[in-house]
Amino acid sequence: MALWRGSAYAGFLALAVGCIFLLEPQLPGSALRSLWSSLQLGPAPAPPGPGSPEGRLAAAWDALIVRPARRWRRVAVGVNACVDVVLSGVKLLQALGLNPGNGKDHAELRSRNDLEEAFIHFMGKGAAAERFFSDKETFHNIAQIASEFPGAQHYVGGNAALIGQKFAANSDLKVLLCGPVGPKLHELLDDNVFVPPESLQEVDEFHLILEYQAGEEWGQLKAPHANRFIFSHDLSNGAMNMLEVFVSSLEEFQPDLVVLSGLHMMEGQSKEFQRKRLLEVMTSISDIPTGIPVHLELASMTNRELMSSIVHQQVFSGVTSLGLNEQELLFLSQSASGPHSSLSSWTGVPDVGVVSDILFWILKEHGKSESRASDLTRIHFHTLAYHILATVDGHWANQLAAVAAGARVAGTQACATETIDTRRVSLKAPREFMTSRSAAGSRVMLNPNEPVVEWHREGVSFHFTPVLVCKDPVRTVGLGDAISAEGLFYSEVHPH
């Protein structure tokens, strides 16, 4: 009887541990293995492998991702570049003597208190944000503490430099980078990145990247997702000082793709400066030879007037392609009175139908058509759980590979792995969704064996794929730039 009770007890424990394994797959594998072996129940069950949804999805991506028939040879990227100082946000704020209080967004940071409130506001949402710090002396004091902080790391920063760095990883590509490049940044750049002498300056521009992990706590605050809060007092990038150098370098470099970013850095400037500079941006874009596609990478913004000007002052119609995330997409719609603009913010994973409606509206209202002199034919949207590539029909090819490649690099770069490690990622995308909320959309069921879903609406094609989200990300900064660069690398534009 005792023997029977012991066997039943062991069986019950085995069942319990098995339930823990199934219900809590995100528990560290070492903890589960230790628990299992301590009960002397034999070898622990293996973690999800190739047969799991994550494994099947990763394998399906690998089969889909093929290089396009016509490839880029020379890519020119500008105009924002800096050195990112990356460290724990909570630890820096503690070192500054700040305590967790109430979160509050600030369009512009003027003090340490503003920094603390804005950081808490976005950490509580698990959302990325970027802000300008207007007080030079206070910023440099914080920057010095951050740069010398134990564990602080220095990386290539700025959308243009990060996109250029990602392209440069492909040895068959020539990459030109124009931006304010100081000695530290020049040292960090890939040897395959060419910087014209006119872009070099004596002092680096520093951006502080305050990271936090999923579940990290500070007082009553708990982050739902891993993300980062970025701030700087960056005048060179804020004035887009290298724009003219960038455009003047194109004639000699002869690129077949141009990538422009840094418009968001003008938020710290006066309205008059913004208006004047946007006109100069438009002129510069129009000076780029016809036939060379121009991709515009957007970034976190709070100035609705500036965003509205970017949309309406023919900047959108002058570029061929856009890259943006869920915060930028909703802010764009709010600033330009687009669909779903009454939505104040996203709750959880952004609704696919709502995102699809806004992307469709951008291409229909501001994209290329028979009645509109616009070059805009492509938008690459990315959020934590999924990506969508929307293209006007007849202008782009290899979209399945492009959107899959962008999603794959989100998982590998966040986890710092060469390939997708199915034990370290999870599928967070909705298993079913509507393709539109304002039109007669269709209901889609997600199939990991066929991870890219395609649908069409009035001359616009949509390619959706989930992301295998890294459970314990090593670094979140620059993911959007890597996604856009990888998506462009696998894209093919039809010559016209």
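**Exercise 1.** How many cavities of 30 Å³ or more does the count come to?

*Solution.* This is a predicted model, in which local features need pLDDT of at least 70, side-chain atom pairs count only at pLDDT 80 or more, and totals for chains, interfaces and linings use all residues. Residues are numbered from 1 along each chain as its sequence is written, and side-chain values use heavy atoms, with hydrogens and water left out. On a 1 Å grid over the protein atoms alone, a cavity is a set of points where a 1.4 Å probe fits but cannot get out; lining residues have an atom within 4 Å of a point. By this rule there are 2 cavities of 30 Å³ or more.

**Exercise 2.** Describe the largest cavity.

*Solution.* Step 1: the volume of the largest cavity is about 80 Å³. Step 2: its lining includes Glu130, His264 and Ser300. Step 3: by class, this lining of the largest cavity has 2 nonpolar, 4 polar and 3 charged residues.

**Exercise 3.** Is Ser300 buried or exposed?

*Solution.* Step 1: the relative accessible area of Ser300 is 14%. Step 2: buried means under 20%, and exposed over 50% (1.4 Å probe, protein chains only). Ser300 is therefore buried. Step 3: the side chain of Ser300 reaches the backbone nitrogen of Glu130 at 3.3 Å.

**Exercise 4.** Describe the second largest cavity.

*Solution.* Step 1: the second largest cavity has a volume of about 40 Å³. Step 2: among the residues lining the second largest cavity are Leu243, Phe246 and Ser284. Step 3: the lining of the second largest cavity comprises 8 nonpolar, 1 polar and no charged residues.

How values were computed. A polar contact is a pair of N or O atoms within 3.5 Å; within protein, one must be able to donate a hydrogen and the other to accept it, and residues adjacent in sequence count only if both atoms are side-chain atoms. On a 1 Å grid over the protein atoms alone, a cavity is a set of points where a 1.4 Å probe fits but cannot get out, and a pocket is an open set with protein on both sides within 12 Å along at least five of seven lines; lining residues have an atom within 4 Å of a point. Grid points are joined across faces, edges and corners, and a volume is the space filled by probe spheres set on the points. Ala, Val, Leu, Ile, Met, Phe, Trp, Tyr, Cys and Pro count as nonpolar, Asp, Glu, Lys and Arg as charged, and the others, Gly among them, as polar.
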